[in-house]
Amino acid sequence: MLYKIDNFLKKIYRFSGYIAASFLILVAIFILIGIASRIFGFYIRGLAEYSGYCMAASSFFALAYTFVEGGHIRITLFLEKASGVKKKFLEIWCLIIASFYSGYLAFYFIKMLKISFEFQERSEGADEILIWIPQTSVAIGSLIFFICVFHQFILKIFSRIK
Amino acid sequence: MTEILLTTFFISVLLFFLGSGIWVALSMIGVSSIGMILFTSRPVGDAMATTIWGASSSWTLTALPLFVWMGEILFRTKLSENLFKGLAPWLQKLPGGLIHVNVVGCALFAAISGSSAATVATVGKMSIPELRKRKYPEKILLGSLAGSGTLGLLIPPSIILIIYGVTVQESIAKLFIAGIIPGIMIALIFMSYVIVWSLINKKSMPRLIENSSFLEKVKKSRQLMPVVLLILGVIGSIYTGVATATEAASLGVVGALILSYFQKSLNLKTFKASLLGATKTSCMIAFILAGATFLSLAMGFTGLPRNLAIWIQDMDLSPYVLIFVLMIFYIILGMFLDGISAVVLTMAIIEPMIRQAGFDMIWFGIFLVIVVEMAQITPPVGFNLFVLQGMANKDMGFIAKSAFPLFLLMILALILIVIFPEIALWMPQQMIQNIN
């Protein structure tokens with residue numbers, strides 16, 4: 001059972017990484033359309049904003065995937081020197097703080113999304129899009145990130161000391 | 001008084017979080033929210049969400065993943081092989097022989113990649129085994145590679161210049177163009193060093209010259225032409241103002257895909273690997289930048305940057321002294337932090353001070369990047385050292401020692417840029433005239 005949950009979560013992280021990658025392709029496509037529009041003289045409203053939203057979506061959907069792949073930067077100077085119980089203790093400390101603040105981030109992104117949705121706020125840019133639509137991506141992305149960090153925390157607690 | 005105490009507490013928590021190994025971006029978010037609670041009564045979480053959303057969805061940031069992706073695509077082509085084969089026939093006659101391939105190869109690769117570790121890895125993949133086969137001394141082989149790899153940061157496109165530009169809101173295009181001459185200058189300084197070193201240590205240098213005619217040389221380096229064209233296209237379009245940095249980056253991605261298609265190294269596997277690699281790297285950087293915008297908001301409430309700027313102004317230092325102090329500060333910081341974190345963490349405090357002192361922000365960006373370059377080859381935390389340690393099977397102390405002369409040469413380059421700011425500023429000024 002636990003093993004199944006573990007596997008399922010891993011799949012979610014990987015999947016959200018793929019979503020992030022697709023948004024990265026979209027960033028490139030929007031910018032290429034922008035170049036084409038200038039050459040051929042047509043105009044599409046809010047292209048720059050759209051590529052910005054895709055950038056945000058790509059960054060936040062990739063958070064969990066990057067985390068499990070060890071892509072986020074940290075200072076490992078002391079962590080590398082520690083061993084045994086000390087190391088496990090230090091790792092758990094890091095994951096507690098990381099869980100707390102990633103949860104904090106997810107909570108307030110979801111709150112921001114809720115407010116934007118309730119007031120039907122629109123973007124101030126040329127796109128004038130309902131702002132909750134792009135904000136959904138960062139809310140979901142940061143939520144998956146929190147789940148991922150907390151997941152690693154649980155795994156670390158039950159891991160054997162090397 | 002309480003303000004000083006609170007500020008000290010705030011900075012100590014930051015150092016403690018970072019030092020204990022908490023991920024840099026999360027450390028910044030955590031410390032900033034603590035700082036906001038201490039110094040203001042504003043709703044912290046909501047301010048955080050809107051600030052981070054605003055920063056992460058900004059259009060200027062989009063140049064970042066695209067340049068990273070372009071580098072990732074080219075990294076997976078036959079480029080390292082071509083670099084070696086194409087450059088070797090031209091450079092072997094110089095004193096120092098094929099060691100120059102390290103320097104010139106790094107400078108060339110730096111012009112398509114914004115990262116120093118990738119530059120070292122790509123050039124080293126071919127040059128370490130090839131130069132070892134020819135019995136070049138390890139000291140100059142690895143030293144020159146570690147040092148020249150740092151050019152990846154300075155010669156455009158440069159990830160760290162994008163980060164700096166976004167943080168202090170200066171034109172990324174101008175920063176890129178400003179990096180060109182200093183980058184070439186440092187490459188020339190390194191080449192002179194290789195020449196001098198090899199003349200002094202003549203006995204330990206191998207003497208092999210594979211004679212080939214001019215035509216043969218051209219033939220061998222023909223493979224490099226597409227890459228050179230791509231570089232000229234990307235940088236040229238930024239310089240002439242035809243494209244913004246972001247647009248040049250997206251064209252660069254297309255160019256890189258076409259190039260790798262014709263070299264038959266483009267398939268679903270390499271495409272996926274390059275895309276996921278770029279996604280990860282740009283996510284890591286975007287997250288740090290998100291944390292940094294929140295940190296600079298919180299820093300603003302502490303009053304620390306403002307007070308520091310006033311304090312520095314009251315001391316009435318000469319600009320040279322201030323720059324010297326900053327250089328020492330960043331070198332020490334660079335020993336323990338990677339370049340991106342070092343820039344992002346400090347700019348919130350340093351920026352007002354630099355503006356107050358009347359420095360040109362474009363010039364300071366170039367200065368900062370050279371100092372960060374130096375940080376790549378200083379132990380205990382130096383990314384080029386880590387990469388080379390794995391590739392060359394030598395211990396880090398040896399590589400750091402071999403690279404130390406190049407570290408000193410970079411200080412020389414810094415001094416030149418402080419005395420003659422035009423080295424960095426001349427090209428961006430030409431560019432403005434071009435556009436108008």
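**Loops, helices and salt bridges**

Author: B:Ser113 is buried, with a relative accessible area of 5%, where buried means under 20% relative accessible area, exposed over 50% and partly exposed in between, using a 1.4 Å probe and protein chains only. This is a predicted model, in which local features need pLDDT of at least 70 and side-chain atom pairs count only at pLDDT 80 or more, while totals for chains, interfaces and linings use all residues. Side-chain values use heavy atoms, with hydrogens and water left out, residues are numbered from 1 along each chain as its sequence is written, and chains are lettered from A and ligands numbered from 1 in the order in which they are written.

Reader: OK, and where is B:Ser113 placed?

Author: B:Ser113 sits in the loop between helix H6 (99–110) and helix H7 (116–133) of chain B; helices here are DSSP runs of H or I with at least four residues, strands are runs of E with at least two, and both are numbered from the N terminus.

Reader: Which backbone atom does the side chain of B:Ser113 reach?

Author: The side chain of B:Ser113 reaches the backbone nitrogen of B:Ser115 at 3.2 Å.

Reader: And which residues does B:Ser113 touch, leaving aside those up to four places away in sequence?

Author: With that exclusion, B:Ser113 touches B:Ala118, B:Thr119, B:Gly152, B:Ile155 and B:Pro157, contact being defined as heavy atoms within 4.5 Å.

Reader: What is the peptide bond from B:Pro156 to B:Pro157, cis or trans?

Author: That bond, from B:Pro156 to B:Pro157, is cis, with omega near -5°, and B:Pro157 belongs to the loop between helix H9 (151–154) and helix H10 (159–168) of chain B. A cis peptide bond also joins B:Pro379 and B:Pro380, with omega about 0°, and B:Pro380 is in the loop between helix H19 (361–375) and helix H20 (383–392) of chain B.

Reader: Switching to phi, what value does B:Lys264 have?

Author: B:Lys264 has a positive phi of about 60° although it is not a glycine. B:Lys264 lies in the loop between helix H14 (245–262) and helix H15 (268–302) of chain B, and at 73% relative accessibility B:Lys264 counts as exposed.

Reader: What about B:Asp316, buried or exposed?

Author: B:Asp316 is exposed, with a relative accessible area of 65%. B:Asp316 has a positive phi of about 55° without being a glycine, and is found in the loop between H16 and H17 of chain B.

Reader: Which residues make the nonpolar surface patch?

Author: The patch, about 810 Å², is made by B:Trp311, B:Met315, B:Leu317, B:Val321, B:Phe324, B:Val325, B:Ile328, B:Ile332 and B:Phe336. The elements giving two or more residues to the patch are helix H16 (304–315) and helix H17 (319–336) of chain B, and the largest share, 6 residues, comes from H17(B).

Reader: How are patches and areas defined?

Author: Patches are made of residues with over 30% relative accessible area and no salt bridge, like charges being joined within 9 Å and nonpolar side chains (Val, Leu, Ile, Met, Phe, Trp, Tyr) within 5 Å. Accessible areas come from the Shrake-Rupley method with a 1.4 Å probe, and for residues only the protein chains shown count as cover.

Reader: How many salt bridges does a search of the whole structure find?

Author: The search finds 13 salt bridges over all chains, a salt bridge being a side-chain nitrogen of Lys or Arg within 4 Å of a carboxyl oxygen of Asp or Glu. One of them joins A:Asp6 and A:Lys10 (3.4 Å, N to O), both in helix H1 of chain A and 4 residues apart, about one turn of the helix. A:Asp6 counts as buried at 15% relative accessibility, whereas A:Lys10 counts as partly exposed at 46%.

Reader: Where do B:Glu351 and B:Arg355 lie?

Author: Both B:Glu351 and B:Arg355 lie in helix H18 (residues 339–356) of chain B, 4 residues apart, and they form a salt bridge whose closest N and O atoms are 2.9 Å apart. B:Glu351 is buried, with a relative accessible area of 18%, while B:Arg355 counts as partly exposed at 38% relative accessibility.

Reader: Which residues are linked in a network of salt bridges?

Author: A:Arg14, A:Glu69 and B:Lys280 are linked in such a network.

Definitions and conventions. A polar contact is a pair of N or O atoms within 3.5 Å; within protein, one must be able to donate a hydrogen and the other to accept it, and residues adjacent in sequence count only if both atoms are side-chain atoms.
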